[in-house]
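Student: Could we go through this one together? I'd like to start with how the chains meet and then look at what sits inside.

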Amino acid sequence: MARILGGITTSHIPAVGNAIAKNLQDDPYWKPFFDGYPKIHAWIKEQKPDVVINIYNDHGLGFFLDRMPTFAIGAAHEYRNEDEGWGIPELDPFPGAPELSWHIIESMVSDEFDITSCQELPVDHGFTVPMQLFWPGAPHNPDMPRAIPISANTVQHPIPTLKRALDFGKALRKAVLSYPEDIKVVVLGTGGLSHQLDGQRAGFINKEFDLYCLENIVSNPEVLTEISRLELVEKAGAQGTEFLMWMMMRGALGDDVTELTRNYHIPISNTAAGTLLLECA
Amino acid sequence: MEQPGYDYHVDIPGTTIFDGRMAMKGYALNKMCYSFNSRENREAFAADEDAYMANYRLSDAQRDAVRARDILGMIEAGGNIYYLAKLAGIFKLSVQDVGGLQTGRTTEEFQDFLNSQA
């Protein structure tokens, strides 16, 4: 049977894609950020997941406001990274795992999660930057797992509630664990932490709230479901709502997790960057 | 149209909640910005901004805000920052430039503000 090894979270700031392309990992601005990743590289090398489920939010490449799915799951043989309009280098396509995708979609719809299935889905920096951070050289890293993208809407309100996000993850766990093949799966939650790009409040960062979220998502994620969506906007910033992706990931890990590494750094671009590696029991 | 109910009672200063109301208001502007995923379209916009905006049927307020590079004006006219970012790219504005423009700071002052929150 399939099993879930653990979950990894990271911010997916586009500037990171440029920093990687220019090899700025040891630059004084970037070093405190990139220092959060070697332990994750070692864990991945040791665990060698077969499939990565990458939970991210599209930023206007795969979806537009004409049709905006609340939850979309990729079911493609490959996922193309395309031009986003402002010049981060495009990567080669990422191989998919469509049989597992369809198993997940079947299981989740049975569990009353109404999914948009995508046999074509261009993936943006929200998907590719974490892949590059965890599998340097992606998609050409020799250990690159096959990928399943899951995108949740944080572009347009109403966005999902934090409870729904956590419940989504729980249903995703059930789906993966019922897959008959012996494969190892890792789940990514990308985006966040606090940041706001738009309005007179642009540049807002909230360290105290981020640390509260980082602490509770490990051992007490249920308490975070008490945060309302607008409270999340208020405390994490308008784009800090990407924390929903972390909640989805956390739900997929089950109750018993061990925190293996954590990093938190302000600022990368406009963002408080957070990274966590959680291993399942 | 009145704001819908539920979670919409909170006023967060300096923050526009991009909901259905704003999505309706900003559709033409956001659709134009979404088209900038294509290099060909970016070049067509740069060659003749007014003709390109007319083609996407932007409102007068939207056209004025784009002409003036007025980010807050674009947001007020329904622009969503994820799509506006593609327009900012054409104008060669970084995320910190955009932050400065919206908060009345130079880019350096905006960067200092970010750093001060560490």
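Student: How many residues does the contact take from chain A and from chain B?
Tutor: Keep in mind that this is a predicted model. A residue counts here if it has heavy atoms within 4.5 Å of the other chain. On that basis, the contact takes 42 residues from chain A and, from chain B, 42 residues.

Student: And how much area do chain A and chain B bury between them?
Tutor: Interface size is often quoted as the accessible area lost when the parts come together. Here 58% of the buried area lies on carbon and sulfur atoms. In chain A, the residues losing the most area to chain B are A:F64, A:H157 and A:L230, together 18% of what that side buries. The total for both chains is about 3600 Å².

Student: Which residue forms a salt bridge with A:D83?
Tutor: The count between chain A and chain B is 1 salt bridge, alongside 18 residue pairs in polar contact. In the bridge to A:D83, the closest N and O atoms are 2.9 Å apart. The partner is B:R42.

Terms used
Residues are numbered from 1 along each chain as its sequence is written. Chains are lettered from A and ligands numbered from 1 in the order in which they are written. This is a predicted model: local features need pLDDT of at least 70, side-chain atom pairs count only at pLDDT 80 or more; totals for chains, interfaces and linings use all residues. Side-chain values use heavy atoms; hydrogens and water are left out. Buried area is the accessible area (1.4 Å probe) that two parts lose on being put together, summed over both. A salt bridge is a side-chain nitrogen of Lys or Arg within 4 Å of a carboxyl oxygen of Asp or Glu. A polar contact is a pair of N or O atoms within 3.5 Å; within protein, one must be able to donate a hydrogen and the other to accept it, and residues adjacent in sequence count only if both atoms are side-chain atoms.
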